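My notes follow the model below.

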Amino acid sequence: MTETEYGVALLDQESAEYWTLNPTAALVLRTVLEGHGPERAAEILTAQYDGADAEEVGEDVHRIVGELRSAGLLTP
């Protein structure tokens with residue numbers, strides 16, 4: 001994982017595939033890798049974006065986690 005000005009870039013060393021995550025997805029990934037659940041990532045994002053709907057943010061975070069898992073970048 002490498003930080004970029006647009007988020008992070010990931011390299012799957014087994015498949016040699018690159019992934020680029022925007023800052024929101026990068027925050028979700030970092031939060032989960034630190035041992036927190038998607039709910040914590042949603043809390044952080046809701047606090048960062050004034051006026052964000054907590055329920056909508058939570059749904060978005062769960063979608064991001066699902067996509068990361070589907071891509072093999074996160075394991076349950």
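**Hairpins and sheet**

I started at the β2-β3 hairpin, which has four residues between its strands, and found that Ala-16 in the turn has a positive phi of about 65°. My helices (H or I, at least four residues) and strands (E, at least two) are DSSP runs, numbered from the N terminus. I count two strands as paired if DSSP finds at least two bridges between them.

Before going further I noted that this is a predicted model, where local features need pLDDT of at least 70, side-chain atom pairs count only at pLDDT 80 or more, and totals for chains, interfaces and linings use all residues. Residues are numbered from 1 along each chain as its sequence is written, and side-chain values use heavy atoms, with hydrogens and water left out.

Leu-10 has Trp-19 in β3 as its bridge partner.

Next I looked at β1 and β2, which make a hairpin with two residues between them. Three bridges join β1 to β2 (residues 7-12), again antiparallel. Thr-2 is bridged to Ala-9 in β2.

Put together, the three strands give an open antiparallel sheet in the order β1-β2-β3. β1 (2-4) and β3 (17-21) are at the edges with a single partner strand each, so one side of each has no neighbour in the sheet. I get an average twist of 25° from one strand to the next.

Helix α1 (residues 23-33) packs on this sheet and touches β1, β2 and β3, with its direction at about 60° to that of β2. Contact here means heavy atoms within 4.5 Å. Axes are lines fitted to C-alpha atoms, for helices over the stretch in contact, and angles run from 0 to 180 degrees between N-to-C directions.

**Helix against helix**

How do α1 and α3 cross? Their axes come within 10 Å and cross at roughly 75°. I therefore call α1 and α3 roughly perpendicular; the cut-offs are under 35 degrees for roughly parallel, over 145 for roughly antiparallel, 65 to 115 for roughly perpendicular, and oblique for the rest. On the α1 side I listed Thr-24, Ala-25, Val-28, Leu-29 and Val-32, which meet Val-61, Ile-64, Val-65 and Leu-68 in α3. By class that contact has eight nonpolar, one polar and no charged residues.

I then took α2 with α3 (residues 54-70), whose axes come within 9 Å and cross at roughly 130°. That makes α2 oblique to α3. The residues of α2 that meet α3 include Pro-38, Ala-41 and Leu-45, and those of α3 include Val-57, Gly-58 and His-62.

**Confidence**

Last, I checked pLDDT, the predictor's confidence in each residue, from 0 to 100. The protein averages 93, and 100% of the residues score at least 70. Confidence is lowest in β2, at a mean of 91, and highest in α2 (residues 38-48), at 96.

Note on methods. Nonpolar A, V, L, I, M, F, W, Y, C, P; charged D, E, K, R; others polar.
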